[in-house]
Amino acid sequence: MGSGLRSSILKSTIEGLTPFMHSVSVSQFLLLVNESLRLIPSQDFVVEGEISDFRIAQEKWVSFDLKDEKEEAILKCFMTTWQLKVAIEDGMRVQIKGYPKVYERYGQFKMNVTEVEPVGEGALRRAYELVKKKLEQEGFFEETRKRTIPRFPERVGLITSRDAAAYGDFIRVMNNRWGGVDVLFTHVHVQGREAVPEILHAFSFFNALSVEERPDVLVLTRGGGGLEDLHAFNDESVARAVFGSVIPVVCAVGHERDESLCDFVADVRASTPSNAAERVVPNRQEILYEMQTMTRHTQSRLQDHIEQYTLLMHRATQLFGFILERHQTRIKSLFQIFLQRVSSWPVLINEKVKSLERVLRQLDPTRILGRGYSIVRVGGKILKQSSTLEIGSRVHVQLSAGSFDAEVAGVDGKSQQRLV
Amino acid sequence: MSPKKKSTNFTTAFEELEQITAWFDSEESLDLDEGLKKFERGLLIADQLKKKLEEVQNTVQEIKLKFQDI
């Protein structure tokens, strides 16, 4: 072949090539690809598949493959740990939202995930168990950190939906039991998209109030439901809000057998919304009864002491032969005051009081005199033995009415003949 | 947001009643004058608390929280 022909073939080859293509660099090409990918309305749909090869690198970078359940197809996914709001693991079916991109550096096509949602009951339950274990390990369920709620709260923060039966039940039972409480109510969605942010907002609000303004206790409650309905109450951020609340929290979800993470984290777990009201406020009747018991008890003790005192005085009379006027007066006045006070309180006067009366009566010497006895005194002291008497001694005799002085003429039947 | 009403303070009064009751149990032989004083104070508190118990109403105030767009 002559050089002329070679060069003309080359020329026509080159001419043949150049009209089809402009030359671009790799990065320019990838830019074109990514721009085209951006045209996909990524926010308008979710991609559903099964997670596999789930990893977290350097505690920041999350990666996993999303597998098509029917066809052999995988989508490589990438996100950061702070974007990941739910606990996921291999085998879980999820729906993701994000935007596809080719990563220039490694030439890899990846889905940049912005949201992940587990789907199906099984996935939800697995996610729930994962979070539950995590919180338990962090000590969220520890009994020791749970605070007691005040016995007589003045202000209660109520977080629930006004459309829920829970709201009505709680308020009704509370009204039946107790009064004078200030209820601050924040209406929130208890399920659906709005639930978690609204509940978190309510917790922030109450916790931000000053000490004088904030409620004494918070009540987070809703009716029963399946795992999907209760999602907000199993949400990790809500559980953290309950744990971190400076105000003690009572949580009540549905019925006895319903459980939620908030139940475990709360300071008090009530079985139902009505039960929550029972735990938060006391019962008027019970408190009234307790007060009556206390008053009866103090009355009884006081009675005992007065009785003791009175008996002491009785014994003193026997020992010393007299009862100091003032002690007698004192006992009488004490008893009067006591009876007066007691009669204003609906308590029964019991046997002890009656016996007290009897003792007092015994102590009153004038009653004895009334029966015909007299009190003989020598030198001011009550005479009991004749042996101390001498013939000619002067004695003072006190009768029931009046008194007289006398001179001893004889002792024990013996009289001395006086030479007049 | 108004502060909680402190005037009631059921809790303080109730605790005082409990203290008085405990006092009566603690002494072997108590001073009768003091005993009578404490007893009278106890009855006074009990009367006040009883009146509080007769208060039937709870108040429900709805707080409208403004939720920002998420």
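I started with one bridge: A:Asp182 has B:Thr59 as its bridge partner in β1(B). This is a predicted model, so I'm reading every entry here as a prediction.

Next I checked the strands around that bridge. β7(A) pairs with β1(B), residues 59-63, and the pairing is parallel, over 5 bridges.

Then I looked at the whole contact between the chains. How many residues of chain A are in contact with chain B? I got 43 from chain A, against 40 residues of chain B. On the chain A side, the elements giving two or more residues are α4 (165-177), β7 (182-187), α5 (195-208), α9 (284-320) and α10 (325-343). Which of them gives the most? That is α9(A), with 14 residues. I also sorted this side of chain A by class and found 22 nonpolar, 11 polar and 10 charged residues.

The axes of α4(A) and α8(A), residues 273-280, come within 8 Å and cross at roughly 35°. Is the crossing left-handed or right-handed? I noted it as right-handed.

Last, I wrote down who meets whom there. From α4(A) I have A:Ala166, A:Asp169, A:Phe170, A:Val173, A:Met174 and A:Arg177, and they meet A:Pro273, A:Ser274, A:Ala276, A:Ala277, A:Glu278 and A:Val280 of α8(A). By class, this helix contact comes to 8 nonpolar, 1 polar and 3 charged residues.

Note on methods. Residues numbered from 1 in each chain as written. Chains lettered and ligands numbered in written order. Predicted model: local features only at pLDDT ≥ 70, side-chain atom pairs only at ≥ 80, totals over all residues. Contact = placed C-beta atoms within 7 Å. Helix = DSSP H or I, 4+ residues; strand = E, 2+ residues; numbered from the N terminus. Nonpolar A, V, L, I, M, F, W, Y, C, P; charged D, E, K, R; others polar. Pairing = 2+ DSSP bridges. Axes fitted to C-alpha atoms, helices over the stretch in contact; angles between N-to-C directions. Left-handed = near helix turned anticlockwise from the far one by under 90°.
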